[in-house]
Structure formats: C-alpha cells, structure tokens
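This report describes a two-chain model in plain terms. The sequence and structure come first, and the description follows.

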Amino acid sequence: MNHLSAALKNLKSNFSFYALYLLSISFVITIFFAFTSFSMNKVMLEKISGDGRVETMCSTISIFLMAFVIFYMSYSNRFFLRRRTKELGIYALLGYRKSTILSLLTAENLLSCFGAFVIGILLGGLFHKGIVFGITKLLDLTVSNSEIPFFNLNAMVKTAYFVFAIIIILSLSNSRFLFKSSLMDLVRFEKSAEKQTKFHAVPSCSWISI
Amino acid sequence: MAALLEAKNITKIYAKSQRPSLNKVSFSVTDGEFIAIMGASGSGKTTLLNVLSTIDTPTSGSITLNGINLKNLTDSKAADFRRDNLGFIFQEYLLLDSLTIFENIAVPLTLQKLQPKKIENMIRSLAETFGIDAQLDKYPSELSGGQRQRASALRAIVKRPRILFADEPTGALDSSSATDLLNTLKESNESLHTTILMVTHDAYAASFADRILIFKDGCIIQELLKQNADRRAFYESIAQTIAKLDTER
C-alpha cells in the first residue's frame, strides 16, 4: 500500500468528514474563480468602466480575496489536522518517519484540492455567468452572451497557479506542525487537542462575514 | 543471558512538577521475559514506559535497547527503530479507523517492505492461531472492544518485535475480554518468545507475567517473581503485597 492508495483510502472511508473539507475549499475556489473570470472579462469591463477604475478596484479586491482564501484554507486545514492528531500519532508509533507522514498528508491535500479545483471551476463558471447576467439586466447593457466564454482560460490558469500555491503553503504549515510536535504530543494528545480547535470558530466566522 | 533492555539511573522531571516522575530507576530485561510494571496512578509507571519506548526522553540516565543507546537516536532514526524493534498496545486500541483489521495488521509489515504475498500469509496464519480470522475484513468500528484490542495486539506481535510495550492493555475491557487478551499475550510470549513489558494497575493482569516491578513515587520499591508458582498462587501473593503497600501509605 503506497501513499497515494493510502491517501485515497483515507478520503474514501472518511467521506463525510472530508466532504465537509472539500465543500468548504470548493466554495472558496468557486468564489475565487468567478471573481477572477469577471476581472479578466474584457467585454464586460469595457462596457462598465471607461477610465479603468473598475480594473483597479478588481485588482485590489483580488488581493484581499487571495489573502482571505489563504487564511481560510490554512485554518480549515489546521482544524482537520488537529482532529487527526491521534491518527498521526499511530503512524508515528508504528514507525512512519515524519517526512513520510508529511508526504501522505500532502498527497491527500493534492487530491482534495484537485477535486475542489474541478468543482470550483464548474460552479465558478456558472456563478460568473450569473453575475454577468445580473449586471447586464441591472444596467440595461447589450452584451451578446456568446462573447463571454463559460470558462475563461486565463482565469483558469490563474486559479490553477493559485491552488498550487495554496497546496505548497498547506504543506509548509503541515510540516511546521509535524516537526514541532513530539511523539509525546501526538500520542498522548487527549487533553491539548480539543480545546484549541473550538476557540478559533469566532474569528473565522467574523472573517467569513467580512 | 545478555540484557535486551538496560535502564541505568533514569530520571524524568517534568517542567511543572517539583518531584521527579522517575527517580534514578535502574533495571534490566532479558530476552523472552514477560514483565509487569505495577503501581498506583501517578507512581511513574506510564512515564517509565514512555521513556523506554522512545515516546519521551529521560532527563538523565541511559537506556540501551537491543544494543542501541536511545539517547543517540534522531527523530527519523527513532522512527526506524520503532518500526524494526518495537510493538505497542495501548488502552485505547489505537487502530486506524479507515482501514480494515487486515490492513491495520499489515501496516507494520508494509513499512518493513515485505512482499504482499508474504504479508498475507503471515497475517492469515497468525489470525488463525489467535482466532480472529473471521474479523479480518471488518472495520474497527464494527468490532467489540475486546476484539479491537486483540487486533491491535496482533498488529504489535506480527512483526516479531524485539520488545512489546503494553500500557494498561486491559484497562477498557470487560473481564472475559481481558482474560482473552492476556492469554493472547501469554501465548505469544511462550510460543513466539515475544518479550513483553506491560504497565498495569490490575493484580489479575499482572499475574500473567513472570516478574513484577512495583512502583511508588518514581522508584521501584519491590520485585516479585513468579518462579514455579501457578498463576492463581502468584495472583494471591501480588494482591497481598499490593494490599499491604496500600495500608502502609
């Protein structure tokens, strides 16, 4: 059983657990892709902005959005990792090196981020179409629907790069967590693990509302 | 016979407490022994197990296991050392919930890079000997506590560890499952010559061992040997000793 098949098996048998994770990251990628598609949509931008103000606004928002997505993903990644402390402890006890555990976690993240990417592109494309439709109705513009592609290739590439960057960030944060905690922390985890996860729910909710 | 495990003057002091959890403990374990460590909670017996099994490090003193000084092990070397030499059984089973019992038992063997065919044969024959072949394809959540603990015992035994560490293995089990598990351990000790070091506070569980070290306040205060006594008689003498210690404290 190599890492990839172990990772696949973990994903499959803890489906409801991972579904939550997948859902939350698909959601942020959907928003990210929809927004990126919109800001790269020349047809629309030309119609609603003559002097480039909307473009500046878009690029400002996109920085905030990226920061939010990175924060949100590393937060939920850490949340799920803490819930799995015991499992990681078992691997370590059985003689997995920390580097091997890290590659297992990275394989899982690769798989779930890829899934979230596919879902995010599909839903994000749809969402983007919806926004365009809403704005044309609202401002009474004449835009022919065929001019706006469902999947903006540039936006897809940008989203792919971004997801890739996120996977690297998550792996770094996972390795920090793993190499910081001793086997004692991982195996005799009962007391410390639970408390910290609940506490951060408040700031994370406020972030979402922002 | 040369000692398999040799602990010399090991002391463990946690940052928060003034009193050492282990106070200059020295003892040795020979190959093939079944040792029980007894003592009240807080006496340092679990700390001892942690320190001996690379889970934790002692503040001072030296531990040599299978000819290797544990102090010299780096993180990855310690992981390899656990993979090649140590087996673990804990009170809370520690099975991987996403894997079947067969796969759980297979994990330590795959880590040792054995051939799948060989792994399959090893597990099937061991499962037959210990009577859990019907549960191999089930997931841990489908089994009773006793069955889970036996699976976790087999996962520890299957790779023929140099030494098996058991921390309160019967702590969460009812009495008949506990007896089953202890018989499993005893059998593996006798027929496979697995060296076992078991931490327990239960005199009944301890009576399955050949030698008992009794802990109090981080020190070994007494040693009991089974010698040629039968288990029942040994149990009586353990229970008496413990009761005597309890009234004296």
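Helices (H or I, at least four residues) and strands (E, at least two) are DSSP runs, numbered from the N terminus. Residues are numbered from 1 along each chain as its sequence is written, and chains are lettered from A and ligands numbered from 1 in the order in which they are written. The model is predicted, so local features need pLDDT of at least 70 and side-chain atom pairs count only at pLDDT 80 or more, while totals for chains, interfaces and linings use all residues.

**Confidence**

The predictor's confidence in each residue is pLDDT, which runs from 0 to 100. Chain B has a mean pLDDT of 91, with 99% of its residues at 70 or more. Among the elements of chain B, the highest mean, 96, belongs to strand β8 (residues 196–199), and the lowest, 89, to helix α8 (residues 231–248). For the complex, the predictor gives an ipTM of 0.90 and a pTM of 0.84.

**Two loop residues of chain B**

Burial is counted from C-beta atoms placed from the backbone: a residue is buried if 20 or more other C-beta atoms lie within 10 Å of its own, exposed if 12 or fewer, and partly exposed in between. B:Leu94 lies in the loop that runs between β6 and α3 of chain B, and B:Lys113 is in the loop between α3 and α4 of chain B. Each has a positive phi in a residue other than glycine, near 55° for B:Leu94 and near 60° for B:Lys113. The table sets out their burial.

| Residue | C-beta neighbours inside 10 Å | Class |
|---|---|---|
| B:Leu94 | 23 neighbours | buried |
| B:Lys113 | 6 neighbours | exposed |

**Chain A**

Chain A contains 10 helices and zero strands. Of its 210 residues, 27% count as buried. Contact here means that the C-beta atoms of two residues, placed from the backbone, lie within 7 Å. Among contacts in chain A between residues at least 6 apart in sequence, 91% join residues at least 24 apart.

**The interface**

On the side of chain B, 18 residues are in contact with 17 residues of chain A. Residues are classed as nonpolar (Ala, Val, Leu, Ile, Met, Phe, Trp, Tyr, Cys and Pro), charged (Asp, Glu, Lys and Arg) or polar (the others, Gly among them). By these classes, the side of chain B that touches chain A has nine nonpolar, four polar and five charged residues.

Helix α2 of chain B spans residues 75–85, and its buried residues are B:Ala78, B:Ala79 and B:Arg82. These buried residues line one face of the helix, because they fall within an arc of 105° when seen down the axis of α2(B); the arc is that of the directions from the helix axis to the C-beta atoms. They pack against α5 (85–94) of chain A together with β6 (86–90) of chain B.

**Nonpolar cores**

A nonpolar core is a set of buried Ala, Val, Leu, Ile, Met, Phe, Trp, Tyr and Cys residues joined through C-beta atoms within 7 Å. The largest has 83 residues, and those with the most contacts inside it are A:Ala92, B:Ile35, B:Ile37 and B:Ile212. The element that gives the most to this core is α5(A), with six residues. Another core, of 21 residues, lies apart from it and includes A:Phe32, A:Ala116, A:Phe117 and A:Leu170.

Beyond its neighbours within four places in sequence, B:Ile37 is in contact with B:Lys45, B:Leu48, B:Leu197, B:Val199, B:Leu213 and B:Phe215.

**Helix α5 of chain B**

The 13 residues of α5(B) reach 18 Å from first C-alpha to last, close to the 18 Å expected at 1.5 Å a residue; the expected span is 1.5 Å times one less than the number of residues. Because 11 of the 13 residues are buried, α5(B) is largely enclosed by the rest of the structure. Its buried residues pack against β6, α3, α4 (116–129), β7 (163–167) and α6 (175–191) of chain B.

B:Gln147 is placed in this helix, which covers residues 145–157. With 20 C-beta neighbours inside 10 Å, B:Gln147 counts as buried. Leaving aside its neighbours within four places in sequence, B:Gln147 is in contact with B:Ile132 and B:Gln135. A separation of 35 Å lies between the C-alpha atoms of B:Gln147 and B:Cys219, which are 72 residues apart along the chain.
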